[in-house]
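Thank you all for making time this morning. I would like to walk you slowly through one structure, so please keep the picture open while I talk.

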Amino acid sequence: MRAMLPASAPASLASPVPAASRRIALVACLCAVALAGCGGEKTVEITDKREDMPRDRTAPPGATTADRLGFRATAEETPRGDLAYDVPAGWEPLPPKPMRKAGFRLGGDPQTECTLITLPQAGGGMLANVNRWRKQMSLEPIDEAALAALPKDTLLGRPALLVDLEGRYVGMGGEADVSGAKLVGMLTELPAVSVFVKMVGNGKIVDAEREHFLAFARSVRMAAAGAGHAAGGPPPVGPSAGPSSGPDRPAAPGTGAGPASVPVRFTVPEGFEQRPDRSMRLATIAPKGATDLEIVLSSFPGDVGGLVANVNRWRDQMGLDRVEAAAVAALPRRKMLGGEAVLVDLTGHYTDMQGKTVEGAKLVGLVFERAEDTLFVKMTGPGPAVEAARAGFDAFVASLAPEAPK
Amino acid sequence: MRRFLRAVVKVLSSLRLAFATFVLLLVLVFIGTWQQQYESLFDVQGKYFSSWYFTLPIYGVPLLFPGGTLLLGLLAVNLLVGGIVRMRFRWKNAGVLVIHLGIVFLLTGSLVEYLLSDKGYMVLREGQTGRTFQSHQEWEISIAGGDPAHGRELVIPDTRFSAAQGGRTRRLVSDALPFDLVVEGYARNSEPKPADRAGEGEDGFVLEWKGDSIKAEANVPGCFVTMVPKQGAGPKVRALLWGEQRFPWAVRVGEETWQIDLRRRTFLAPFAVRLEKFVRRLHPGTQMAAEFSSYVTKIDGGTTSQAHVTMNAPLRDQGVIMFQEGWGPQDPRDRSLPWSQFAVVRNPSDQWPKYACIVIGLGMLIHFLIRLVKHLDTEAARAAAKAKEATA
């Protein structure tokens with residue numbers, strides 16, 4: 001290079017770059033090129049084109065991000081009979097999934113969740129469902145005797161089983177693996193649906209959230225008609241598109257939404273005793289010492305689906321076929337609260353809260369529709385026990401009177 | 001040069017190379033099987049069996065191992081070169097030659113399937129018609145615009161943008177689009193949740209990484225995308241895409257609305273299928289299916305035909321094969337309409353194994369006949385020699 005430069009060239013130009021410096025510069029350039037390939041933005045040319053693809057998914061006009069991600073139901077998806085509940089502070093809502101009415105992340109742990117699920121049709125039995133949870137926790141199944149010994153609680157105004165499990169959580173299909181996990185759950189069966197509330201995951205977090213879970217489960221109720229979503233919690237949504245997404249949402253008429261707007265008073269008949277109050281019920285009485293029979297007085301706002309739906313709900317519960325409006329209109333009437341109630345007298349079989357099927361059971365009930373609500377008086381139990389308690393049932397109904405205004 | 005080539009051929013055709021490759025394949029199978037405790041089958045296949053190499057930490061030290069593609073490729077070259085070098089092209093080896101050609105055809109069919117096949121599933125309710133099938137594990141971004149009836153889409157498989165995480169982005173570009181799409185924050189298994197603080201995430205939602213599932217098909221990815229209009233026409237618009245979003249993200253660019261979706265890789269079949277009836281027989285007293293199958297109508301243009309699809313008797317047409325794979329609802333309390341799930345494969349070499357077996361069988365027959373004739377000739381000559389001795 002020196003030979004190519006004119007004699008007048010500056011000395012700096014004439015001086016050769018030291019070999020070491022050239023090597024350092026080359027390595028630096030290579031490193032820069034390599035680093036440029038590691039990070040930053042890379043351009044990808046789109047080469048795949050598809051023609052004639054069916055357009056079965058498009059965004060509806062005006063849809064928001066919350067709609068798209070499933071955090072809010074669109075109007076046409078909100079089903080009847082939605083559930084409402086009170087969400088404890090600190091519970092993070094999860095996107096809805098098929099059959100899951102609500103889901104929450106607990107303690108910031110992605111493996112610890114609380115879910116509220118409904119499945120259509122009562123049946124399968126409490127035992128099968130409890131054992132399903134036990135299997136998820138890698139535990140051996142239990143029998144009827146152990147099931148009967150489980151503690152009870154209330155869910156949606158009905159007796160519910162309270163399940164406490166500890167083990168290794170593997171999920172429904174083996175998709176999870178949480179050692180030292182705990183599961184706390186409540187489950188109950190309604191005529192049209194089974195309802196499950198389950199908290200499962202890290203044992204310490206489950207322990208810490210136990211009281212919150214119990215409060216949440218006990219707060220589950222039917223949403224007021226037209227409200228469409230829960231107070232304090234994410235709104236319910238319908239099933240996502242596709243046949244693998246699960247069942248259609250069932251309606252669950254007559255399953256409780258709160259105390260009567262016009263309270264009633266009553267007298268406990270001779271030989272009967274009042275049992276502890278439960279949510280959704282105005283009163284529960286039973287023959288003294290009886291464990292297989294009870295008389296329940298409850299009230300729900302509005303017509304709760306109508307007379308035919310309510311009668312058929314009881315018929316479903318007793319394993320009987322449904323009837324049409326004409327048959328319901330022909331049912332006998334009984335005097336109650338100064339008006340007339342429809343008398344339902346059924347013989348069939350039902351599944352008690354221990355999951356045991358009682359054959360030859362009887363249901364005697366009265367449906368009393370008022371302007372602001374519907375009152376139900378129902379006695380259920382084994383046939384002979386119901387017959388023996390019929391006089392007490394009649395006396396109880398006769399004692400009902402509106403509560404005097406205060 | 002000739003000496004070099006001869007040396008290369010000698011190495012490539014050597015039995016030692018074959019033996020070493022088999023041993024390494026054995027080790028690879030062990031590693032792949034062992035790792036399925038921690039990774040999904042899909043990931044193990046991709047990482048160990050479909051790769052050229054991989055690293056495996058042994059006591060914290062990453063060791064380099066040859067992958068399945070490299071080993072099988074080497075074995076294929078070894079078999080081919082070794083066969084050519086050792087083959088004696090005489091008429092009495094005709095059967096052996098035909099057998100080898102059949103084996104080569106069989107292996108080539110596997111290669112064609114690996115490179116060119118599409119696999120997925122299709123779920124149909126009774127009365128429903130479908131024409132697309134989706135992959136269980138692979139995802140894609142689809143961009144559809146213009147006339148909703150037109151049906152044209154641009155698709156980008158997840159392998160081309162899944163690296164858009166940890167500060168890296170991928171800018172998806174096409175001359176057919178009036179915008180670029182920049183992908184960032186990709187998470188292979190994720191769930192959106194409301195943001196804790198204002199300004200976090202996008203439109204009040206963030207993406208939470210849930211950790212990769214041991215079952216690859218259970219992963220639901222998510223990412224953030226920014227629509228960057230070309231030629232400065234309009235503002236950039238950013239959105240969160242999630243694999244289980246109910247519908248695509250609709251974004252307006254100029255006068256046109258584009259639907260951008262993150263979904264399982266979707267393929268179009270050359271014909272449509274309508275599920276007429278799903279039939280199922282359970283083992284008595286159980287919910288376990290003894291047998292199940294689907295009666296379908298295949299609709300191809302204006303032509304329809306009936307078919308009965310079972311697990312072992314698939315529907316085959318135009319390179320697409322549909323097997324009966326599953327059904328639902330499986331919960332007896334679920335009274336939804338029954339649905340049928342089909343495994344769908346588009347494989348150009350679907351029938352090649354059958355043809356290869358025919359060729360191999362033919363080769364074995366030829367070889368048997370040649371050996372039989374030779375044996376009979378030898379026996380005849382021996383008998384003649386014995387007779388001659390006896391008379392002598």
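Predicted model: local features only at pLDDT ≥ 70, side-chain atom pairs only at ≥ 80, totals over all residues.

**Helix 4 of chain A and its surroundings**

Let me begin at the end of one helix: helix 4 of chain A is followed by A:Ser138, whose phi is positive, near 60 degrees. Residues are numbered from 1 along each chain as its sequence is written, chains are lettered from A and ligands numbered from 1 in the order in which they are written, and side-chain values use heavy atoms, with hydrogens and water left out.

When I say buried, I mean under 20% relative accessible area, whereas exposed means over 50% and partly exposed lies in between, using a 1.4 Å probe and protein chains only.

If we take the contacts in chain A with a separation of 6 or more, residues 24 or more positions apart account for 59% of them, where contact means heavy atoms within 4.5 Å.

**A group of rings**

Next, the aromatic residues. Rings of Phe, Tyr and Trp (its six-membered ring) pair if their centres lie within 6.5 Å, and planes under 30 degrees apart count as stacked, over 60 as edge-to-face and the rest as tilted. A search of the whole structure finds 18 such pairs over all chains. In one of these, the rings of A:Trp91 and A:Phe104 have their centres 5.7 Å apart and their planes at 50 degrees, so the pair is tilted. A:Trp91 lies in the loop between strand 3 (83-84) and strand 4 (92-93) of chain A, and A:Phe104 in strand 5 (residues 100-106) of chain A, so the pair ties together parts that are 13 residues apart in sequence.

A:Phe104 also pairs with A:Phe216, edge-to-face, at 5.6 Å centre to centre and 80 degrees between the planes. Since A:Phe216 belongs to helix 7 (residues 210-219) of chain A and A:Phe104 to strand 5, this pair ties together parts that are 112 residues apart in sequence. A:Phe104 is buried, with a relative accessible area of 1%, and A:Phe216 is buried with a value of 1%. Ring pairs link A:Tyr85, A:Trp91, A:Phe104 and A:Phe216 into a cluster.

Not counting residues up to four places away in sequence, A:Arg105 touches, among others, A:Trp91, A:Glu92, B:Glu191 and B:Glu208.

Is A:Arg333 buried, partly exposed or exposed? At 37% relative accessibility, A:Arg333 counts as partly exposed. This residue lies in strand 16 (residues 333-336) of chain A and, not counting residues up to four places away in sequence, touches A:Val328, A:Glu340, A:Ala341 and A:Val342.

**A helix pair in chain B**

Finally, in chain B, the axes of helix 5 (residues 94-116) and helix 6 (residues 352-391) come within 7 Å and cross at roughly 170 degrees. Axes here are lines fitted to C-alpha atoms, for helices over the stretch in contact, and angles run from 0 to 180 degrees between N-to-C directions. Angles under 35 degrees count as roughly parallel, over 145 as roughly antiparallel, 65 to 115 as roughly perpendicular and the rest as oblique. Helix 5 and helix 6 of chain B are therefore roughly antiparallel to each other. Their contact includes B:Val98, B:Ile99 and B:Phe105 of helix 5 of chain B, and B:Val359, B:Ile360 and B:His367 of helix 6 of chain B.

Terms used: Helix = DSSP H or I, 4+ residues; strand = E, 2+ residues; numbered from the N terminus.
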